[in-house]
Amino acid sequence: MNQDSFTALITGAAGFIGSHLSEKIIQLGGNVYGIDSFTDYYPRKIKEDNISMLQSNEQFKHHFHFIEGSLQHMLIKPILNKVDYVFHLAAQAGVRTSWDKNFYAYTTNNINATQHLLEECQNTQIKKLIFASSSSVYGNAKTLPMNEHHVLSPVSPYGVTKMVGEQLCFLYHKTFSIPVLSLRYFTVFGPRQRPDMAFHKFMKNILLGRPFTIYGDGKQTRDFTFIDDAVTGTINAALHGIPGEIYNIGGGNRAELNKVIEQLKEITGSSFTFEHQESQKGDVQDTYADINKANNEIHYRPTISLKEGLKQQWQWILNYFKEERNT
Ligand SMILES: NC(=O)c1ccc[n+]([C@@H]2O[C@H](COP(=O)([O-])OP(=O)(O)OC[C@H]3O[C@@H](n4cnc5c(N)ncnc54)[C@H](O)[C@@H]3O)[C@@H](O)[C@H]2O)c1
């Protein structure tokens, strides 16, 4: 065990970020209790694949304890009594699908589940609870880069639920001294990226020789964060973050979508076609993280360039969809 090893509860452990975080903590010598309800937002099979190594590989399986269930209906205290840190990643993700009747899934999984977890954390010895928030809380920011003091003005119902989640965390910190802090992730990418996210969709379609869609004119910018950097930042937040605080986790890779398309041509070596459609309700024009606070307080320094990260994601796509490609 090294100094970074600890026992953690990770909610949403079968998801994109949760599965990588689980692996990293175990690689550092720690143990993980993982909770996931396999919501139907994207196929269960993908989530099972995300945790297959954790459940079958000798290095991981003795340190990964998986519990299937919906957080808001679970008695979590017995697990909380066994762990040092809690990483609360379980959520209904996705901005575009958060309108209309779908919103119920967002309030249930992002607000009710969070409030239940915070209640359960009372009278436990946890050292810290990390809440996965999002750059979506900023909306169309008036000034760039966005720092943590920028006024919050989400433009999607999803962003509203993340804002409420942060507020609940702060409330329980102030009222019950729960040592909770929030991380605002900026567009995380890399191997196992969720299938509803742009790079995953672009690359899968390129591989299968199908056209794909870009919403808007491609001039929108995103601060892309490679998964390994997001995971390191998350662990650093647990070890060094200050309860009650909020940290931006951006990748230092701000780019126009059109630039990403150029890079994909080079990386995939393929010619491909795409069409533009109107930008979608809930999408913002730009994101750009000011990461000075994370840099100073949790020693967060992203290291993976957009191009290197895209290469790694492309390799993963090639491997993950090799059978579909051959049929
Ligand atoms: N991926 C990104 O770019 C990004 C950006 C900003 C914020 N985030 C946040 O980071 C977290 C992880 O995102 P991700 O991309 O890995 O998403 P993901 O959908 O891959 O993972 C979330 C997991 O949570 C599970 N889950 C949802 N509701 C649950 C509940 N009530 N009980 C138990 N399990 C539940 C889902 O089944 C899923 O496996 C989320 O909170 C998301 O909002 C992600």
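Analyst: A residue is buried if 20 or more other C-beta atoms, placed from the backbone, lie within 10 Å of its own, exposed if 12 or fewer, and partly exposed in between. This is a predicted model: local features need pLDDT of at least 70, side-chain atom pairs count only at pLDDT 80 or more, and totals for chains, interfaces and linings use all residues. Residues are numbered from 1 along each chain as its sequence is written.

User: Why is Lys162 called buried?

Analyst: Lys162 has 29 other C-beta atoms within 10 Å, so the label holds. Lys162 sits in helix 7 (helices are DSSP runs of H or I with at least four residues, strands are E runs with at least two, numbered from the N terminus).

User: Which residues are in contact with Lys162, leaving aside neighbours within four places in sequence?

Analyst: Asn110, Ser133, Ser134, Ser136 and Val137. Contact needs C-beta atoms within 7 Å. Arg222 is 60 residues along the chain from Lys162, and their C-alpha atoms are 19 Å apart.

User: What is the reach of helix 6, and where does helix 6 bend?

Analyst: Its 18 residues reach 25 Å from first C-alpha to last, close to the 26 Å expected. The bend is about 25°, at Asn112 (the angle between axes fitted to the seven residues ending there and the seven starting there).

User: What do the buried residues of helix 6 pack against?

Analyst: Strand 1 (7-11), helix 5 (77-80), strand 4 (85-88) and helix 7 (157-176). Asn110 is one of those buried residues, and Asn110 is also in contact with Lys162.

User: Which residues are closest to the ligand, and which element gives the largest share of the shell?

Analyst: Of the 30 residues around the ligand, Gly12, Gly15, Phe16, Ala90 and Ala91 are closest. Helix 1 gives the largest share, three residues.

Key:
Near = placed C-beta within 6 Å. Expected span 1.5 Å × (residues − 1). Contact = placed C-beta atoms within 7 Å.
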